[in-house]
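Hello,

Here is the structure I promised to pass on to you. Have a look at it first, and then read my notes below.

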Amino acid sequence: MSSTIGTRRRWIYWIAAAAWLWASASWAQTLSTRSGQDYPVKPVRYVIPFPAGTGNDIVGRLLTDRLTRLWGQQVIVDNRAGASGAIGAAFVAKAPPDGYTLLHCNIAPNAIAPSLLSIATYEQRDFAPITRIGMTPNIITAHPSTPFKSIKELAAYARANPAKLSYSSGLVGTSPQLSMEWLKQLLKFDIVSIPYKNAAQGTLDVISGQLPINVTNFPFVIPFAKSGRLRALAVTSAERQVQLPDVPTVQESGVPGYEVNSWYGVCAPAAVPVPLLDKLNADITSVLRTPDMTARLTELVIPPSPTTREEFDRFMRAEIDRWAKVIKSANIPKQ
């Protein structure tokens, strides 16, 4: 009888010891994660809220490839496309705040969608901005047969011919489309938006002469502008672009303070511990500043422009406010 009792006591002891060891290890891992030490200890999911092969996907995969090498843990790309990126952003907003789910944030889902799309049920406070990756401008081009060769001439022609001009820019609520809507408000002219599910198709329709005006991301148009198949009127960045140095900015074209860039960055769920966010910022910034990454992103016309977490947060909030006002003034209904 005493032998049986002794055996039971030993089993109880070993079970209690094992439970204590498990709890200690779990607690130690939690402390490590909260402090940023030893992160990551398992694969990290990187949500790109756009389809594979898009500009966002290319930039995101360049970053995740280098983070995988830096961390010695796989950073797995998860393309969750739909609703201008809002589906993927909503997924990350509700993900566990442990640093193992990150969002490739972008102007469309993070700055425009909250004011435009009903499916965008998240807010800025649902995310912890980590750093900006880089920015690229849009460009306003025209078919060579059009009678205007500058933004001033375009605006004058549109005022003289209200609602007779049209432009392609991709989906409603994208950065190119809102670039033109903001310009219309500032220069007080009217021009009709023709939405396209595929921005490339819209550009090709302008090249073929089916539409007179196109607004799209700068990199895609470079070869068409250089070959003369499109007439470049202005870039939306604050400075001229070296790839097309003779093309003025919108600011130079008589619109002070006008600047629009499509931007890319990294965000996490809001409640990720601050020390871990600081580590993520430091690691991603170091990757962006490596010579090979700088060269590759610059080649894509997205030169790296990393920020502190606080700077990126302020930048994103300013973008949200700006596009909310443009959308309201343009009377674009919530989709």
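How many of the 10 residues of helix 4 (residues 107-116) are buried? Eight are, so helix 4 is largely enclosed by the rest of the structure. Here "buried" means under 20% relative accessible area, "exposed" means over 50%, and "partly exposed" lies in between (1.4 Å probe, protein chains only). Helices (H or I, at least four residues) and strands (E, at least two) are DSSP runs, numbered from the N terminus.

Before going further, please keep in mind that this is a predicted model: local features need pLDDT of at least 70, side-chain atom pairs count only at pLDDT 80 or more, and totals for chains, interfaces and linings use all residues. Residues are numbered from 1 along each chain as its sequence is written, and side-chain values use heavy atoms, with hydrogens and water left out.

Back to helix 4. Its buried residues are Ile107, Ala108, Pro109, Asn110, Ala111, Ile112, Ala113 and Leu116. They pack against several elements, including helix 3, strand 3 (101-106), strand 4 (127-142) and helix 11; a contact means heavy atoms within 4.5 Å.

Tyr39 and Pro40 are joined by a cis peptide bond, with omega about -5°. Pro40 sits in the loop between helix 1 (2-35) and strand 1 (44-48).

Next, look for two positive phi values. Ser84 is not a glycine, yet its phi is positive, about 55°. You will find Ser84 in the loop between strand 2 (75-79) and helix 3 (86-93), and at 22% relative accessibility Ser84 counts as partly exposed. Val301, also a residue other than glycine, has a positive phi near 65°. Val301 belongs to the loop between helix 10 (291-299) and helix 11 (309-329), and Val301 is buried, with a relative accessible area of 5%.

Finally, here is the overall picture. The protein chain has 11 helices and nine strands, and 50% of its 335 residues count as buried. Among its contacts with a separation of 6 or more, 77% are between residues 24 or more positions apart. The accessible surface of the protein chain is about 15,600 Å², and carbon and sulfur atoms make up 57% of that surface; the areas come from the Shrake-Rupley method with a 1.4 Å probe, and for residues only the protein chains shown count as cover.

Enjoy exploring!
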